[in-house]
6 protein chains.
Amino acid sequence: MTGLDLLTFGEALVSLRAAGPLAAGGALTMHLAGAEANVAIGLARLGHRTAWAGRVSEDELGGYVLRELRAEGVGVDHVTRDPERPAGLMFLERRTADLTRVRYHRAGSAGSALSVEDLRPALAAGAHVLHLTGITPALSDSAREATRWAAETASRSGALVCLDVNHRARLWTRDAARAVLTPLAGYASVVVASEDELELVGEPGADEPAVVAALLDRGVETVLVTLGADGARAYTRDGVREAAALPVTAVDTVGAGDAFTAGYLSGHLDGLDLAGRLRRAVTLGAFAVAGHGDWEALPRRDELSLLDDLQPGSTLR
Amino acid sequence: MTGLDLLTFGEALVSLRAAGPLAAGGALTMHLAGAEANVAIGLARLGHRTAWAGRVSEDELGGYVLRELRAEGVGVDHVTRDPERPAGLMFLERRTADLTRVRYHRAGSAGSALSVEDLRPALAAGAHVLHLTGITPALSDSAREATRWAAETASRSGALVCLDVNHRARLWTRDAARAVLTPLAGYASVVVASEDELELVGEPGADEPAVVAALLDRGVETVLVTLGADGARAYTRDGVREAAALPVTAVDTVGAGDAFTAGYLSGHLDGLDLAGRLRRAVTLGAFAVAGHGDWEALPRRDELSLLDDLQPGSTLR
Amino acid sequence: MTGLDLLTFGEALVSLRAAGPLAAGGALTMHLAGAEANVAIGLARLGHRTAWAGRVSEDELGGYVLRELRAEGVGVDHVTRDPERPAGLMFLERRTADLTRVRYHRAGSAGSALSVEDLRPALAAGAHVLHLTGITPALSDSAREATRWAAETASRSGALVCLDVNHRARLWTRDAARAVLTPLAGYASVVVASEDELELVGEPGADEPAVVAALLDRGVETVLVTLGADGARAYTRDGVREAAALPVTAVDTVGAGDAFTAGYLSGHLDGLDLAGRLRRAVTLGAFAVAGHGDWEALPRRDELSLLDDLQPGSTLR
Amino acid sequence: MTGLDLLTFGEALVSLRAAGPLAAGGALTMHLAGAEANVAIGLARLGHRTAWAGRVSEDELGGYVLRELRAEGVGVDHVTRDPERPAGLMFLERRTADLTRVRYHRAGSAGSALSVEDLRPALAAGAHVLHLTGITPALSDSAREATRWAAETASRSGALVCLDVNHRARLWTRDAARAVLTPLAGYASVVVASEDELELVGEPGADEPAVVAALLDRGVETVLVTLGADGARAYTRDGVREAAALPVTAVDTVGAGDAFTAGYLSGHLDGLDLAGRLRRAVTLGAFAVAGHGDWEALPRRDELSLLDDLQPGSTLR
Amino acid sequence: MTGLDLLTFGEALVSLRAAGPLAAGGALTMHLAGAEANVAIGLARLGHRTAWAGRVSEDELGGYVLRELRAEGVGVDHVTRDPERPAGLMFLERRTADLTRVRYHRAGSAGSALSVEDLRPALAAGAHVLHLTGITPALSDSAREATRWAAETASRSGALVCLDVNHRARLWTRDAARAVLTPLAGYASVVVASEDELELVGEPGADEPAVVAALLDRGVETVLVTLGADGARAYTRDGVREAAALPVTAVDTVGAGDAFTAGYLSGHLDGLDLAGRLRRAVTLGAFAVAGHGDWEALPRRDELSLLDDLQPGSTLR
Amino acid sequence: MTGLDLLTFGEALVSLRAAGPLAAGGALTMHLAGAEANVAIGLARLGHRTAWAGRVSEDELGGYVLRELRAEGVGVDHVTRDPERPAGLMFLERRTADLTRVRYHRAGSAGSALSVEDLRPALAAGAHVLHLTGITPALSDSAREATRWAAETASRSGALVCLDVNHRARLWTRDAARAVLTPLAGYASVVVASEDELELVGEPGADEPAVVAALLDRGVETVLVTLGADGARAYTRDGVREAAALPVTAVDTVGAGDAFTAGYLSGHLDGLDLAGRLRRAVTLGAFAVAGHGDWEALPRRDELSLLDDLQPGSTLR
């Protein structure tokens, strides 16, 4: 086990955000996207040593992905460049004030061709935490096998494995997801899911207590149920603990779940107790929703208390 | 009567939206504006065959107007190009978060020179619905006569005539408007007005019940009173029916009334009952206020249910 | 044969132009691209009735493609919407002042799935000219067969068939291209190629006179060899005629060849002699290179003489 | 005493506003900033004759500062150009929806080198009101002495002296501020402070009644305590009067206090009673928070009633 | 005669510059335009005291015009605000790299309603130089009379009157222009014209020597013939003197003639001899064409030598 | 000596580029600037392992500097964060098409406080090449001593020391520069200077042969004299060799010299002979001037031949 705090892997996308309606043309801005990259960045901003692994196209868009990861201090030593396949893309449109719409162009992408071989060097180098999401196994057969292999390998080596369910309805059905994710959860110490997603790591139709009980039985130490503006619940063998969300003005909820997970894992790496880990989790979630972008608003360590006792319209000067 | 679902006419303006205070200079963006064009686009997006008639300048700004109408699938076969007069313009400035200010540059414009001759071919081709607004007769004597002639001609041919009062205080006084619009309403099957505008199609100072009763007496089938965030009331001989607005976050209320009318007429063309027509009307109104622009946020047919049961901050992916 | 002047088909792409280096992220602007669409727009701007056929994705990006074609007055009645496949994309980066770099994301796109069935209704409706390019047969087996079928069908029906070689090295090899394009040229009355491309519609390694002679022998009436800033050569049975390029300041050469072809075909439709057709061809080529965008700078009919005897820095007012 | 209504002085900064996170790079926009300039502009927009004095760099950024002041009709006849020192800058970042962060680059700036000599000609010309803030004495020793000298000189000449405490924690400590500002308040007829700042013009730890009583004892005529969204309190020898804030949607609170002060002083110059002065103060404050920028949204005289009885989403046309 | 160096008057327009093709919509930027305003700004940047008179709309666009004039230090004390008429507009489109196209929206504008009464106070205040152009008399009957009256009044008072022909083909015919401008030139000491315009201040069809001779006979002291990239010729009773243009890279020729005139008049005000006046004239012309905008690139006094001996690609640091 | 190829140090600035005239306000874009950083990036893009050392402010602007260096793959392990001093800034304005103007705000900046202690860890880690410029010793006494110390230390350890004269007239006089740089050149193996700068590493007034001879005598192995568009001359004990510049369209010459140096050092690290090193030097110089930005257009290794035999207006697709 080296000095790396967190290793994660998956597909990093180039997100193209439309300023207005996509069908009307106009300007797009480019952003790095990907749930796993969000988590890695969230931890790197807090000073943890993190790395991201995966396949990235060899063209300029792949170069952009690496440029952003490096810029944020996320290690990319074990990234594979794919000379054949293009970068995975997503188009993000604010359809109305309340509704964001995403369109993926990721079929056949470099990232979706992830395989065990791509992850072997990174896993060999090791890390205290391995973070994975339910998106990666939905990308391809080889990515599914790579995810399972990585979870098993890290689990055996004693790393803490964290699984965020992150269901993507445009990639696979709930049944297909459950069939893969429920066994995968068996390797995890921490499982993160929204209320709606929880059933995907349990029996079909099982309710929250039942799914949680089964996960704890199978060796999961902590089950985190995210509740959006209502905060989160954390289940352990010691019972359940709730954490309220911070009262901030939300402007962009994309990435909030990843921020929550990054905060929780940062608390774990800092040796905080459950209350402290949850506090950091909801703090990062609050930063994520209070600023624009998937990860751009996440805090540096010296900013962690910035949202405490904040009045709307405050100015620091 | 051909296969055209809706014909409308009036003045289509080039709207120049300021990013900041107009007096400070800076960037403007160009948009197509005009209450009648908004209605035509709203219906075209839902798959109805629509056409817009009017006079458009022969220069690049007139070309822009046609470009946008064609782009949205609105027929422009019977548009007259005016080689002499310039395009009508409006400057739109967000004066404060709550107040939008419009300045017109439309005196002497191509659109204001509309005459009976300009409309003759379009009326001859016919349509199931003729939509007109109280803006057009305020533009010039010839436009006033053209509006009256078109209403009479369509009414006689059996088309459903819809009149939206749309009072523009910078174009004429309430008394001048009433003197023209009250007789005009006699040709209409559907009359649309805000609470404040209703008195302009009735006796001076008459209250809502009195104006409605008089309109129904004169043969109007449906009187729609728009109530902004409070929805709308629809009066028929069978009584009154209310429809609540959809609970969305409003970011730009310009064009909401036109969207409402387009939704109502779409419901009519689809053969919906009054409740169904009102539901579609408030749905389109909700899209209009939940997105930026006068018509840019209006839904395609497959998007009609997108705002149902929506949580703020939702993401479709 | 209906009243349509020109029918063309192929893949219309969403072109994303980077303001700066693509790898650095930043702003992109969206444009309609596609050699065949460029030709259709060039003719529509001059008042010819044109239509474009092909497969377009059913999402917002496909909507954008149709929006732009309609805006430019190009008929889209026979376009097929593809509910499964995404829009074809291209990223365009000005690598240096002298070098533009294009990256395609079109594998598996809606447009590349073009088949004979997609073209049948459009061909049945007919047109005076059918324009096709050597790009379409490079997209897929079905697109290749559709191209051949359309060329044969139009040729038999008496339409003038125009083939622009348009070699795309990232889509196929020169040998693969030659094997398809040389037989395809047999259906054409007009063949357009750059000096470098000419060999792809003849014997491997054949020189210009030899390729031209063989084409004329096989029934091609006009062979147009484009020479960039040096203008063009036109070969017919009557010999060769040269046309110089117009002396304009070039700022963006993308789309110049398509503009040239559109000008030539416009001259043909207007009944001009060869000199007149070439003059219009180089005129449209000059507009294309003197303005930004693939087709955005093309002239309306009343602008055709705008570049004649122009001094740099002129102002029309 | 000349015809000038108000003279103010201090440091005018070039404010660079980031569109997104500052650390991510991207676009900045340039604005004039400075509490005293804000007040001068607020009064000039209402038609009062105002002037601003201070040191401004001789380069393009200094030219920008003067350009903006002149554009707003603020007199700059007595501004000193500094050929050696650079313009003072501030970077302004919207850290989250609720929190704005400012970073100053003003150490060693032209503005901070303000001295008595710079102010002598302006003071000699005179004005009905001299406005000064607690920012200027924090800039340098010479600026502190210049502020004191100007307050004393104006006070002696019979001008109304207005002091806005405007504490800047990044420039000096509360103790340092109190040591300078408490004696300075002795020259003032009007003192403006937030609840939190009030203690800086009194005894350490004194409560509001105590500080106010001491100020009134020392000859201050009016003490204005600003309460943000809760309006303001005005103390005179006749007692205390409260004014509620106008109910507007706040989008940018920077500059609200300066707008309040400008409104109050405008009311004074117009000869309004205390209620009228407070009404104008909260009106200008409302404009400031309802629009973007430090002063850009402030009203012209004919706009003063624009926010009265305003419904969200109103359109003036 | 007061201390004012130059008074000028005319119509100041709001120029809306399109970033791309106007018919495609998109972004516009706002600029102050007007030949006379350009001259006033050119002189003000060099430190001369200048004023501009004319009618300006009372809305935000008129406010913008005044804001820009004040920002540049041009006196606006004698500007009339017109509460009824809108601002004059122009749309400016870079049609190709070599061709700029302007469309005016100035019929019925505030500026075109200029009358003798509007100018009376400014003329009473006086100035060393009165500058007028051949645009103003083309705007309306009252503007024509105002121009004539001002020229006569200033001439009688001993001011130097400068007339720049500035023919605008979209406003009037050459014959109409000649009928007005030839008598007007009789009041002038300095007449500025391009080669093509010269005939408009002489007999129809007269050549350059004939027109110049007649003008000098009628009392004109200096006739300046501008030659674009070839510089200029200056005729006086002492003969003709040529001045070459400075060798700079031209990016925007709009405003070059106004810059030339401003430079000439600045030289006159500084007491330079003819060679010195011409040198300053071509220097300002060079700045105008070497930067974007009508007047934005004009030099401050300390920048006058910046273009001397300049290598392309130089950096000052 | 570790595996690091190149170490460099100095001040990295935040460059704010104005889109138009700086005095007119408007938009600025943020860029990383600094001659040494440019060289490090040039080498990193070609795959060499590089690091940059220096002092960087602890705020967001310092964060931006590190973000960009990391993004480009330049090592920042030995960078010192300065909690007190602000980031050094420069404003860059394209004054005319031919002239760029830079204004520094770097007095008292974090970067200018560089000292020996800041460099000690980086020098201890070692590198094959140490690159330094004549800018750093102009920043402060401690930076001058740090530069001298680093040059001496690296020279003793056997690293190749490269000195680029890079005279900045706004930072110090030529005499002051010569007094420092001439002794400094004694530690260097490679000295880079423009024709105009060469005299600053020799006797006052000495001509090129004399300065070169003296440098070679003192142990310098290669003297590179850059000639802008005329290429460069390289002097060694074996004589002089010339290299022509590549024939590209130049759009931005800032950073060309740094690119040249990076190319030369890359050739050295790759073991190329002098001709090969010069070829790479002029190739990188060509990329720098053919694209916008100081370093943004520099090539990746696979792009090195992209400009060979390029026709203007080429498209890669």
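1. Conventions. The model is predicted: local features need pLDDT of at least 70, side-chain atom pairs count only at pLDDT 80 or more, and totals for chains, interfaces and linings use all residues. Residues are numbered from 1 along each chain as its sequence is written, chains are lettered from A and ligands numbered from 1 in the order in which they are written, and side-chain values use heavy atoms, with hydrogens and water left out.

2. Cores. A nonpolar core here is a set of buried Ala, Val, Leu, Ile, Met, Phe, Trp, Tyr and Cys residues joined through side-chain atoms within 4.5 Å. Buried means under 20% relative accessible area (1.4 Å probe, protein chains only). The largest such core holds 125 residues. Leu16(D), Leu28(D), Leu265(D), Leu16(F), Leu28(F) and Leu265(F) have the most contacts inside it. Another core, of 124 residues, lies apart from it; Leu28(A), Phe91(A), Ala12(C) and Ala232(C) are among its members.

3. Leu28(D). Contact means heavy atoms within 4.5 Å. Neighbours within four places in sequence are set aside. Within chain D, Leu28(D) then contacts Leu16(D), Arg17(D), Ala18(D), Leu22(D) and Phe91(D). In chain F, its partners are Leu16(F), Gly26(F), Ala27(F), Leu28(F) and Met30(F).

4. Chain C against chain F: area. The two chains bury about 1600 Å² between them (accessible area lost on being put together, 1.4 Å probe, summed over both). Of that, 52% is on carbon and sulfur atoms. On the chain C side, Arg95(C), Asp98(C) and Leu99(C) lose the most area to chain F, together 38% of what that side buries. The contact takes 16 residues from chain C and 21 residues from chain F.

5. Chain C against chain F: pairs. The rule finds 2 salt bridges across this interface (side-chain nitrogen of Lys or Arg within 4 Å of a carboxyl oxygen of Asp or Glu). Arg95(C) and Glu303(F) meet in a salt bridge, at 2.9 Å, N to O. Strands S7 (89–96) and S8 (99–105) of chain C (DSSP runs of E, at least two residues) each supply at least two residues of the side that touches chain F. S8(C) gives the largest share, 6 residues.

6. Thr173(B). This residue sits in the loop between strand S10 (160–164) and helix H5 (174–185) of chain B. Its C-alpha atom is separated by 9.5 Å from that of Ala138(B), 35 residues apart along the chain.

7. Pairs without contact. No contact joins chain C and chain D; their closest C-alpha atoms lie 8 Å apart. Chain A and chain E do not touch either, with nearest C-alpha atoms 8 Å apart.

Definitions and conventions
Buried < 20%, exposed > 50% of the residue type's maximum accessible area, 1.4 Å probe, protein only. Helix = DSSP H or I, 4+ residues; strand = E, 2+ residues; numbered from the N terminus.
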